[in-house]
Amino acid sequence: MPRIPQVLYCLVAACALFACGCGSDGEKQRTVVRLDENHFLGEPVAVSNLTVWPVFADSVQEIGPFLTLKEAEEKQLAAVRENPAGGDVGTLVIENTGDVPVLVLAGTVVTGGKQDRQIGQDFVVQAGSTVPVDAFCVERGRWSAQRKGEATNGKFKVAGVVATAPVRGAGQHE
């Protein structure tokens with residue numbers, strides 16, 4: 001999915017909040033801030049020193065059919081591999097040979113290759129495309145194309161689990 005609209009929403013939201021005074025310590029503003037014809041800001045939610053403004057849509061948008069990475073792998077429509085330019089802890093490649101998009105969630109654990117990894121961010125791999133993806137190590141000590149005595153050939157299997165929030169956070173922070 002394109003990331004530009006999300007960035008634009010954040011910039012527009014920040015400007016709108018500044019303009020209407022929602023960011024001040026004063027009385028809460030009840031004015032609805034429209035981001036575009038279909039999206040608006042909700043009331044801010046503050047926890048400690050963090051304030052989040054949720055973005056709401058006026059209607060549900062149908063995104064069409066898609067598969068998870070695990071489903072696509074099981075149907076042999078997606079493959080996760082080491083970077084063909086040479087093994088790199090921080091980058092993997094995901095290929096979608098199917099005719100529907102594949103949804104990949106941050107923290108998805110993949111085993112194999114030269115070292116088990118977790119996927120670094122949420123994104124969609126469009127049908128018929130191959131994309132590089134950020135990844136983080138979840139297996140200390142192994143950097144070999146052998147796993148349990150068998151060659152991995154640089155390929156991974158989706159473990160079917162998502163790393164816990166502290167593990168995802170630590171990988172993304174480091």
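## Close-up views of a predicted model

**View 1. L92 faces V133 across a pair of strands.** In this predicted model, L92 stands opposite V133, a residue of strand β12. The strands shown are β7, which covers residues 91-96, and β12, which covers residues 129-137. Strands β7 and β12 run antiparallel and are joined by 6 bridges.

**View 2. Strand β12 also pairs with strand β10.** Strand β10 spans residues 117-119. Its link to β12 consists of 3 bridges, and these two strands run antiparallel. Within this pairing, Q118 stands opposite F136 of β12.

View 3. R117 belongs to strand β10. Its relative accessibility is 0%, so R117 counts as buried, because the limit for buried is under 20% relative accessible area. The side chain of R117 makes a polar contact of 2.8 Å with the side chain of E82. A polar atom of the R117 side chain also lies 3.0 Å from the backbone oxygen of Q115.

**View 4. E150 is an exposed residue in a strand.** E150 is part of strand β14, which is made up of residues 150-151. The relative accessible area of E150 is 56%. E150 is therefore exposed, since exposed means over 50%. G112 is shown along with E150: the two are 38 residues apart along the chain, and their C-alpha atoms are separated by 9.9 Å.

Terms used: Residues numbered from 1 in each chain as written. Predicted model: local features only at pLDDT ≥ 70, side-chain atom pairs only at ≥ 80, totals over all residues. Heavy atoms only, no water. Helix = DSSP H or I, 4+ residues; strand = E, 2+ residues; numbered from the N terminus. Buried < 20%, exposed > 50% of the residue type's maximum accessible area, 1.4 Å probe, protein only. Pairing = 2+ DSSP bridges. Polar contact = N/O pair within 3.5 Å; in protein donor to acceptor, adjacent residues only side chain to side chain.
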